[in-house]
Amino acid sequence: MRNARLWRTLLGVEKTVVEAIDLDDETGILVASVRPTGSMRNRCGICLRRCPKYDQGQGRRRWRALDAGTIRVELEAYAPRVSCRVHGVTVAAVPWARHQTGHTHHFDAQIAWLATQTSKTAITELMRIAWRTVGAIITRVWNDTEKLHDQFAGLVRIGIDEISYKRGHKYLTVVVDHDSGRLVWAAPGQDKATLGMFFDALGMERCARITHVSADGAAWIAVVVAQRCPGAVRCADPFHVVKWATEALDEVRRAAWNDARKAARATEARRGRPAKDAPARPDSARAAGVKNSRYALWKNPENLTEKQQVKLAWIVQTDPTLGRAYYLKEGLRVIFKLPHDEAAEALDKWVAWARRCRIPAFVKLQRSIVNHRAAILAAIEHGLSNGRVESMNTKIRLITRIAFGFKSPEALIALAMLSLGGHKPVLPGRN
């Protein structure tokens with residue numbers, strides 16, 4: 001094997017002539033002087049069309065390559081400019097790197113693979129680059145990956161949700177394919193315009209192929225889905241519906257706790273730890289009992305500990321209103337376990353019960369349930385929930401922690417898509 005071919009293989013370059021190899025004694029960097037082959041010269045860096053040469057540019061420049069063992073390697077070459085009829089005067093393309101970047105293709109590929117497999121500290125230490133540089137690299141790697149794969153192919157049933165990625169009400173809207181479990185799209189924002197961007201990218205023909213859409217009860221999602229996919233069945237996520245009931249129950253619990261505290265202040269003048277022979281303080285005991293009842297009220301009955309079962313029985317006996325609120329929450333949860341025909345009748349009975357229960361939080365809740373009745377029953381009929389989406393959100397939250405410090409949300413989205421979009425990067429030299 002000739003030396004030139006050996007060095008091309010070691011450097012991971014194609015359509016490139018290796019002119020010389022030199023080790024800089026001062027910096028300890030191995031510098032490879034290279035130039036494009038004749039077929040790759042004087043091409044536009046954007047469209048790769050052959051163009052007339054404009055000038056020599058700013059002379060020689062360098063690109064970071066993968067290390068050779070423990071030695072840092074850089075490629076050095078002239079960077080002339082060409083005059084493209086479409087893109088004007090621009091730097092000529094080089095076969096070993098993307099346009100206007102300072103790293104080779106193999107270097108970018110290894111960074112993208114490491115970003116999906118290991119920690120922030122490991123990448124920056126191993127590759128000797130700044131974390132923001134990682135964000136820029138994975139963004140351009142994903143942009144190229146997205147061009148090679150159709151993320152929307154075979155999209156029929158989707159789940160839509162939003163997730164917070166930064167303080168200050170910074171959200172991402174994410175779309176997941178229910179059938180493959182892939183993250184198919186994400187963008188910064190939490191409104192109709194953001195979701196409209198997804199359906200614009202999907203196109204009218206593919207929007208018509210969407211048969212099911214699962215989401216929480218957010219009005220901005222429902223409005224856009226109704227406009228863009230009028231034929232799709234909208235399914236309300238059971239988890240969020242039960243969560244509404246749990247929040248209403250917690251509102252009743254806090255009100256009961258505050259009432260008990262007020263009664264204790266009014267009837268029990270002495271505060272602090274009572275003496276051993278002091279009379280009983282029933283209002284204080286009730287306030288303490290209600291305060292510590294959250295988990296007994298929240299948990300499913302089959303998951304209650306023996307102590308929590310005793311606590312629940314005490315609540316039902318001492319505070320009928322709070323006990324009734326608990327049964328309303330459980331009644332709504334049980335509806336999602338019933339067959340569709342039985343669930344429709346049970347849901348109507350639950351609405352009637354909540355409407356006359358004289359508990360403001362649940363009277364308000366039943367109005368929301370009535371508004372989302374069709375979507376709730378559709379979720380029961382088709383067995384569709386946002387479980388896949390919530391699982392995806394958990395993974396994105398982990399990625400968000402890893403991506404802390406990226407300059408833009410686009411880098412976070414690129415990392416999430418590379419990790420969860422079904423097209424993970426591979427290491428250089430692997431198939």
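1. Let me start with Val334, which sits in helix H12 (residues 320–335). Helices here are DSSP runs of H or I with at least four residues, strands are E runs of at least two, and both are numbered from the N terminus. Val334 counts as partly exposed because its relative accessibility is 36%. For that scale, buried means under 20% relative accessible area, exposed means over 50%, and partly exposed lies in between, with a 1.4 Å probe and protein chains only. Val334 and Val242 are 92 residues apart in sequence, and their C-alpha atoms are 9.6 Å apart in space.

2. A word on what you are looking at: this is a predicted model, in which local features need pLDDT of at least 70 and side-chain atom pairs count only at pLDDT 80 or more, while totals for chains, interfaces and linings use all residues. Residues are numbered from 1 along each chain as its sequence is written, and side-chain values use heavy atoms, with hydrogens and water left out.

3. Now the overall picture. The protein has 17 helices and twelve strands. Its radius of gyration is 31 Å, well over the 22 Å that the globule rule gives for 431 residues, so the protein is more spread out than a compact globule. That radius is taken over C-alpha atoms, and the rule is 2.2 Å times the number of residues to the power 0.38. Along the principal axes, the C-alpha atoms fill a box of roughly 95 × 60 × 35 Å.

4. What share of the 431 residues is buried? Buried residues account for 44% of them. Turning to contacts (heavy atoms within 4.5 Å), take those between residues at least 6 apart in sequence: 59% of these join residues at least 24 apart.

5. The crossing of H5 past H7 is right-handed, a term for the near helix being turned clockwise from the far one by less than a right angle, with anticlockwise being left-handed.

6. Which residues meet between H5 and H7? From H5 come Lys192, Leu195, Gly196, Phe199 and Asp200, and from H7 come Trp220, Ile221, Val223, Val224, Val225 and Arg228. They divide into seven nonpolar, one polar and three charged. In this grouping Ala, Val, Leu, Ile, Met, Phe, Trp, Tyr, Cys and Pro are nonpolar, Asp, Glu, Lys and Arg are charged, and the others, Gly among them, are polar.

7. Gly203 is in the loop between H5 and helix H6 (204–207). With a relative accessible area of 22%, Gly203 is partly exposed. Gly203 and Phe406 are 203 residues apart in sequence, and 31 Å separates their C-alpha atoms.

8. Two backbone angles deserve a look. Most residues other than glycine have a negative phi. Gln100, however, has a positive phi near 55°, and it lies in the loop between strand S7 (88–91) and helix H2 (105–117). Gln100 is exposed, at 63% relative accessibility. Arg358 also has a positive phi, of about 60°, although it is not a glycine. Arg358 is in the loop between helix H13 (340–355) and helix H14 (360–371), and it is exposed at 76% relative accessibility.

9. On cysteines, the structure holds zero disulfides, a disulfide being a pair of cysteine sulfur atoms within 2.5 Å. Cys47 is in no disulfide, and the nearest cysteine sulfur, that of Cys44, is 3.6 Å away. Are these sites buried or partly exposed? Cys47 is partly exposed because its relative accessibility is 25%, whereas Cys357 is buried, at 4%.

10. Arg132 belongs to helix H4 (residues 131–148) and is exposed, with a relative accessible area of 53%. Leaving aside neighbours within four places in sequence, Arg132 is in contact with Gly405 and Lys407. Arg132 and Thr267 are 135 residues apart along the chain, with 62 Å between their C-alpha atoms.

11. Finally, His382 lies in helix H15 (residues 373–382) and is partly exposed at 32% relative accessibility. Beyond its neighbours within four places in sequence, His382 is in contact with His212 and Val233. His382 and Gly168 are 214 residues apart in sequence and 37 Å apart in space, C-alpha to C-alpha.
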